[in-house]
Amino acid sequence: GAGAGWSTSALVAGSASADSASGSASGSVAAPTVIAPSPGAETVPPEGNHQPGVVTPPQAHLALVGWDLHEDATVEHLARMMRLLSDDARRLGQGEGALADTEPELAAHPSRLTVTFGFGPRVLRDLVPASRRPALAELPEFSRDRLRPEWGQSDVVAQICCDDPLTLAHARRMLVKDARAFADVRWIQQGFRNARGTLSQGTTMRNLMGQVDGTVNLAEAEPDFAPLVWADGTSGPEAFAGGTFLVVRRIRMQLERWDRVDRVGREAVVGRRLDTGAPLTGEAEFDEPDFEATDRFGFPVIDPASHIARVRHTTPEERFLRRSYNYTEPDDTRSSGEDSGLLFLAFAADPARQFVPVQQRMDEVDRLNDWIVTIGSAVYAVPPAAAEGGYVGQALLE
Ligand code: HEM
């Protein structure tokens, strides 16, 4: 058929160019010999008692699924759901089909798939006994938030991350399918970074405003990382040791206004250069910003109202792991035709002490606020990893 004809001619064309490149005139079709292992085969190794998808270098694609448990759901229902979903996550992460997967072929290229589960405040309050309940406070109200219920708090969340969008779509469908008997999907939030391979490893991502975003962040190698990210079982329940908390903020960018601001203005808003991500007082991305430096008129080079001046930690505690993704969805109710922004994801051992003061400062003053608006917000307790043969959340529920 037409398909076979096309592939034959493609092969011939390919061999012709290979031949001319090597100077051979034989005209024979060389069979491919060595097939390099594809990045699609890569799996994420277990993280001890931590769920994957937190310290994992961010994969290219994200699907965040928020579920609300059915009205009459009991702790037994949630336990059954988590047992099923944990099993799916484990298999899919290894490149195997989920249980009763009708399309296991779609799981064959795990592409660093990770699934990270979390429980919302209502689940903790109603289904987790007080002695095992991690202390998760809902976020206070922030004056500039314009929260929409459709992006609000859910009972359960799965942060599904993968370098391949097809593998991700399949994993997402399997999880949603297996949760159906227990919970309704409240929202699905999709996000992305650069495709795998586009940038050399370790390059900081850019957000849709064009800024280098993620320069100053916690690194796993720092001694402070563990106490700032992982719950340790001394200040909280033992059953939650190795867990963490996730803050989700859906922040829309007003790109159709942002692109009217000149470059100097856009750099002043953040306090960093757009090209390199360097602070306005430095040369290179990772140079320390100098908040004291003044220009020849005596004005600070980095505006005290700029984003980095406002959100920089004022105590060693005010730090957390940012693991955000870009999002863009068609939206025909807006003149730009799109709803775009940042799915701001932050992991912290204690959001109330680490995240809230920073968000509060930002809410008071931050030049970035002229161009962004938070339309969704939620928090979750992310339990430790499933024990051997167990499921995520088991130590809290049983
Ligand atoms: C830094 C963008 C929201 C906390 C930065 C930087 C950019 C940026 C470009 C500088 C590069 C870097 O160090 O990563 C944005 C955009 C946002 C947003 C476009 C919304 C759409 C937030 C929110 C928070 C936050 C909601 C927390 C409340 C931080 C922190 C830093 C930072 C802690 C590092 C500051 C430092 O110590 O230098 N952000 N950000 N950002 N942002 Fe944001």
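The model is predicted: local features need pLDDT of at least 70, side-chain atom pairs count only at pLDDT 80 or more, and totals for chains, interfaces and linings use all residues. Residues are numbered from 1 along each chain as its sequence is written.

**Figure 1. Overview of the protein.** The protein has eleven helices and nine strands; helices (H or I, at least four residues) and strands (E, at least two) are DSSP runs, numbered from the N terminus. The C-alpha trace spans about 70 × 65 × 45 Å along its principal axes. A compact globule of 398 residues would have a radius of gyration near 21 Å, and the 24 Å of the protein agrees; the radius is taken over C-alpha atoms, and the globule rule is 2.2 Å times the number of residues to the power 0.38. Of the 398 residues, 38% count as buried. A residue is buried if 20 or more other C-beta atoms lie within 10 Å of its own, exposed if 12 or fewer, and partly exposed in between, with C-beta atoms placed from the backbone. Among contacts with a separation of 6 or more, 75% join residues 24 or more positions apart; two residues are in contact if their C-beta atoms, placed from the backbone, lie within 7 Å.

**Figure 2. The two annotated spans.** In an unreviewed entry, UniProt lists residues 51–193 as "domain: Dyp-type peroxidase N-terminal". This span, 51–193, is 29% helix and 22% strand, and its end C-alpha atoms lie 21 Å apart. For residues 205–385, the unreviewed UniProt entry gives "domain: Dyp-type peroxidase C-terminal". Residues 205–385 are 19% helix and 22% strand, with end C-alpha atoms 27 Å apart. UniProt positions follow the numbering used here, feature names are shortened, and annotations may be inferred rather than shown by experiment.

**Figure 3. The shell around the ligand.** Of the 25 residues around the ligand, Gln 211, Thr 215, Val 216, Ile 251 and Leu 342 come nearest; a residue is near a molecule or strand if its C-beta atom, placed from the backbone, lies within 6 Å of it. Strand E5 (244–253), helix H8 (307–311), strand E8 (338–348) and helix H10 (356–364) each supply at least two residues of the shell. By class, the shell has 14 nonpolar, seven polar and four charged residues. Ala, Val, Leu, Ile, Met, Phe, Trp, Tyr, Cys and Pro count as nonpolar, Asp, Glu, Lys and Arg as charged, and the others, Gly among them, as polar.

Figure 4. Arg 252 is buried because 22 other C-beta atoms lie within 10 Å. Leaving aside residues up to four places away in sequence, Arg 252 touches Asp 339, Gly 341, Ile 372, Val 373 and Ile 375. Thr 328 is 76 residues from Arg 252 along the chain, and their C-alpha atoms are separated by 9.2 Å.

**Figure 5. Helix H4 and its cover.** Helix H4 (residues 165–179) has 15 residues, which at 1.5 Å a residue should span 21 Å; its end C-alpha atoms are 21 Å apart, which agrees. The expected span is 1.5 Å times one less than the number of residues. Buried residues of H4 include Leu 168, Ala 171 and Leu 175. An α-helix has 3.6 residues a turn, so residues three or four places apart point the same way. The cover over the buried residues of H4 includes strand E1 (61–69), helix H2 (75–93), strand E2 (114–119), strand E3 (156–162) and strand E4 (183–192).

**Figure 6. Val 115 in strand E2.** Val 115 lies in strand E2 and counts as buried because it has 25 C-beta neighbours inside 10 Å. Residues up to four places away in sequence not being counted, Val 115 touches Gly 53, Ala 89, Gly 93, Ala 158, Ile 160, Ala 171 and Leu 175. Ala 89 and Gly 93 are among the buried residues of H2.

**Figure 7. The loop between H2 and E2.** Ala 100 is in this loop and has a positive phi of about 60 degrees although it is not a glycine. Ala 100 counts as exposed, with 10 C-beta neighbours inside 10 Å. Arg 112 is in the loop between H2 and E2 too, and its phi is also positive, about 60 degrees, although it is not a glycine. Arg 112 is buried, with 24 other C-beta atoms within 10 Å.
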